[in-house]
Amino acid sequence: MTNPIDDNSVRTALKDSDYGRVLRMIENGAFNEAAILTPAYSRVIDDILGEQDARLAAGTSLAVCIIRTTKLLEDVANRADLDEDVKKLAVLHLQKRIRQFALHLLPLDFVDIANRAVKNVEGSDNEEPRPIRPLRRKAAIPDRTRTTSCRRCGREGHQFRKCPDYVCCICDELGPDHLSIHCPRLDGRIVLQEFRDDEKFFEALVDWEHNHKTLADLELRYPAELSPVPETPASFTPSTSLTPLPTTPTMEDPR
C-alpha cells in the first residue's frame, strides 16, 4: 500500500504551501481574541462596528458577542464558589444566549432549506395530498371567571392574567394586564411563547419568573469578575508577523 505522502507527484515544498498563511491565521485569531476579551479594547471595537455598514458589521458584531459569551460561560463553569444548581442554571442561560446569536447568523433564506429538509424526511413530496377536513366550530366557552379561583392569589372573580396583586419580576409594576413576559423593558423580545392551555402556561410562566429572579439574585450576589486583562497586544500588521519562518523568501510569494 502506497502512502500518498511518499508519492513524488504530490509533494509540495513547504515554502510553496499555505503553511505560512495558516500560521498567520492562528496568530490573527489569538490577537483578535485578546482584543475582544479586553474590556477597554472591546468597547472601542463596538464603537468602530457601530459606524460601519449594518449589512457588513452585523455578522461581525454577532461573532464578537458569541466569543464574549463563550468566555463568560467558561468563567461560570470554573467558579468554585457557586452552588451546583445555580451554576447549572447560569450555564443553561448562557448556552441559550449563544444559540440565539448563532441563529441570527443564518441567512434569511435558511427557512427554505429547513422546509426542504422537513419535507424530505417526512416524505410529503411522494405522498398524495390528504383531504382537508372542515374545521369544527367549537361551542362558545362559558365565562368561568366568576367561579374559577385565581392561580396566583387564590381569590375568585378573576384569572391569573388579570390578577390585581400580580407584581412584574422585571420592573416591579403592579398588575393587572402586565405580565412579566410583556414588560416594556424587554424591548419586544419574546422570552416565553404563550399557549392556550392556561394551566400549562401558568406553570411555564412561574418557572420562567423563578429562573429570572434566580439569575438576577446571582448577578447581585456573585458579580461577574472581569477576566484577567491580558498583556497589551502589540500592534499587528502583516509586516510584523511573528512566524518563525525566514523573512525571505515569503511563503506566499516564492522567488
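## A salt bridge along a helix

K71 and D75 are four residues apart in helix α3 (residues 54–77), so about one helical turn separates them. Helices here are DSSP runs of H or I with at least four residues, while strands are E runs of at least two, and both are numbered from the N terminus. The side chains of K71 and D75 meet in a salt bridge, at 2.8 Å from N to O. That term means a side-chain nitrogen of Lys or Arg within 4 Å of a carboxyl oxygen of Asp or Glu. D75 is partly exposed, with a relative accessible area of 23%. On this scale, buried is under 20% relative accessible area, exposed is over 50%, and partly exposed is in between (1.4 Å probe, protein chains only).

One thing to keep in mind: this is a predicted model, where local features need pLDDT of at least 70, side-chain atom pairs count only at pLDDT 80 or more, and totals for chains, interfaces and linings use all residues. Residues are numbered from 1 along each chain as its sequence is written, and side-chain values use heavy atoms, leaving out hydrogens and water.

## The other charged pairs

How many salt bridges does the rule give? The count comes to four. Among them is the pair R55 and D53, at 2.9 Å from N to O. R55 counts as exposed, at 73% relative accessibility, and D53 as partly exposed, at 34%.

Another one joins D81 and R79, at 3.0 Å from N to O. Here R79 is buried, with a relative accessible area of 17%, whereas D81 is partly exposed at 42%.

## Inside: two cores

Now for the greasy part. A nonpolar core is a set of buried Ala, Val, Leu, Ile, Met, Phe, Trp, Tyr and Cys residues joined through side-chain atoms within 4.5 Å. The largest one has 18 residues, and I170, I181, L192 and W208 have the most contacts inside it. Leaving aside residues up to four places away in sequence, I170 touches S180, C183, R185, L186, W208 and H212; contact means heavy atoms within 4.5 Å.

A second, separate core has 14 residues, including L62, V86, L89 and L215.

Which residues make the nonpolar surface patch of about 350 Å²? They are L103, L106, F110 and I113. Patch residues have over 30% relative accessible area and no salt bridge, with nonpolar side chains (Val, Leu, Ile, Met, Phe, Trp, Tyr) joined within 5 Å and like charges within 9 Å. L106 sits in the loop between α4 (84–104) and α5 (110–122), and L106 is partly exposed at 33% relative accessible area.

How values were computed. Accessible areas come from the Shrake-Rupley method with a 1.4 Å probe; for residues, only the protein chains shown count as cover.
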